[in-house]
Amino acid sequence: MAASDQKLYLLDYGAGNVRSLLNAVEKLGHRIEYIKTAEDFAKADKIIFPGVGAFGYAMQALKSSGFAELLKAYIASGRPLMGICVGMQVLFEGSDESPSEPGLGIFEGRVELFDKKLKSVPHMGWNAAQVVHQENVLAMAVPEIDEDSRYYFVHSYAVPYTGVGAQRGYVHSATRYVDQAVVSSVWSRNVFATQFHPEKSGPAGLALLQSFIEHDLVRPQSSAGELQIPEDIESALTVRVIACLDVRANDQGDLVVTKGDQYDVRESADKGGDVRNLGKPVDLAKRYYDEGADEIAFLNITSFRNLPFRDTPMLEVLRQASRSIFVPLTIGGGVRDSVDPDGEHVWPAVQVAGEYFRSGADKVSIGSDAVYAAERYWQRKAEGQEPLDRSTAIEQIAERYGRQAVVISVDPRRVYVNSPEDASGHHVIRTAFPGPGGEHYCWYQCTVKGGREGRDTDVRQLVTACEALGAGEILLNCMDKDGTNSGYDIELISDTKAAVSIPVIASSGAGRPEHFSAAVEQTAVEAVLAAGIFHRREVPIAAVKKHMQEQGISIRSAGDGV
């Protein structure tokens, strides 16, 4: 059957961002419909089953909708299925994430939590998928996995790769994350599935999706053979280079990308005092995608409280951006409980996040509310109460969409002291950069409301509490470094990396390519972020990546499908 004649369906259980998958399929020139009823399973020639978040939530959603048995019957019929991320994991017998919830049992094996002793968890970023079987596949259509390309992974749980036993019949590729080799794709008969996200993996991911849509990927059962041993799976994780866009309405009401100098986004009085305008959000984001950005972050710094939430301009920005940008998108600002101006419609934070995900976001960034949540966490601990009570936005979003969907945006500033005793109750470091009075110690004070209000909470208190609450990543800004082009605050980054086992993004202060490599080499940070120098083309993304590569830092290069 020609691809143009087939009926392609998407199985969505409400797990998050499926808009990017719809956009990717349309980008490839095909149409896809949602499965809404049991009858749609019978109509489908092919099904794509994406998933993010918790294993248990996915399985419960499938069962409550009556789709679990229908999906198994569809697979048994021999028609092609492609699973993505949790859509691959539920094909196994179960997961340590939800021990009491059985999987579909299509493949033998269980999904296990990554070991955190030697690495950050979640596994978040661009990595290779190494095809492990050595059978002769020249006579049949195969999934378009390019071992020289990098694909986007974001998960805390994975199927360990052994290369023996039942895995000989279904493992297609494996991936190494530091000390562990895991299954990154499966292919058995009519079922193909990936742990990574093709729809977020740039051109290489689009090529893989296209191979599933336009070819019948059927692997004969007799093709099972010897697999590569786990020790042969090579490490290929790259450091992410992220472009950040601060978005707000200017004095004329137009949505623009701006950039502050130590959080002040207005030009000086002699230049008119207007909001600094560096371009239109979607246009700039598309430019960064074309230039090779590994992720793009939109930080909304306008409240839009006079609008119903569904009319918030950032939703439309995400919808438009996700039509042509196939790398991960993060949205920050306004991810909290809110009420529409009519006073009637209440939006819990988890619903706000859900709307952002359905509009094209992959992650949400929480700022001020994360500080309040951390303060409540430590207060409850001090009072002898259970600090995790599922009341915070972090807990609720992580429970439904997975911890990888929650980023904590930290806005700290240095507070210098003469000795640690002068900052009782706070984590103090000895600094190589003395304060204005010659102080050799400092602590990092968290701020809220865009840096306008300091709190009696330090960065270490914030990040450790938020990790416990379920956050999956730290976006580490620094008010002292913002707009200075003097380099990242290495002391802050190193101290934060030592405090948590989740990935950290270095932000604020980059002014030249050497600053990016210094942050990676001196702190082992997982990602580096910049804004103004990219907007003004002072330092192109390509120049950053070229320099990092010359320094021996693994990056996603133009050869990886950028």
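His-172 is buried, with a relative accessible area of 3%. The model is predicted. This histidine lies in strand β11, which spans residues 171–177. Its side chain makes a polar contact of 2.7 Å with the side chain of His-133. Leaving aside residues up to four places away in sequence, His-172 touches Gln-130, Val-131, Val-132, His-133, Pro-143, Ile-145, Ser-185, Val-186, Trp-187 and Phe-192.

| Helix | Residues |
|---|---|
| α12 | 459–469 |
| α14 | 513–523 |
| α16 | 541–550 |

In helix α12, the buried residues are Val-459, Leu-462, Val-463, Ala-465, Cys-466, Glu-467 and Leu-469. An α-helix has 3.6 residues a turn, so residues three or four places apart point the same way. At the start of α12, a side-chain oxygen of Asp-458 comes within 3.1 Å of the backbone nitrogen of Arg-460. Just after the helix, Gly-470 has a positive phi of about 125°.

Helices α14 and α16 form a pair. Two packed helices are described by the angle between their axes and the distance between the axes. For α14 and α16, the axes come within 8 Å and cross at roughly 50°. The two helices are therefore oblique to each other, and α14 passes α16 in a right-handed crossing. On the α14 side, the contact is made by Pro-513, Glu-514, Phe-516, Ser-517 and Val-520. On the α16 side, Ala-543, Val-544, His-547 and Met-548 take part. By type, the residues of this contact divide into six nonpolar, two polar and one charged.

Key:
Residues numbered from 1 in each chain as written. Predicted model: local features only at pLDDT ≥ 70, side-chain atom pairs only at ≥ 80, totals over all residues. Heavy atoms only, no water. Axes fitted to C-alpha atoms, helices over the stretch in contact; angles between N-to-C directions. Helix = DSSP H or I, 4+ residues; strand = E, 2+ residues; numbered from the N terminus. Parallel < 35°, antiparallel > 145°, perpendicular 65-115°, else oblique. Left-handed = near helix turned anticlockwise from the far one by under 90°. Contact = heavy atoms within 4.5 Å. Nonpolar A, V, L, I, M, F, W, Y, C, P; charged D, E, K, R; others polar. Buried < 20%, exposed > 50% of the residue type's maximum accessible area, 1.4 Å probe, protein only. Polar contact = N/O pair within 3.5 Å; in protein donor to acceptor, adjacent residues only side chain to side chain.
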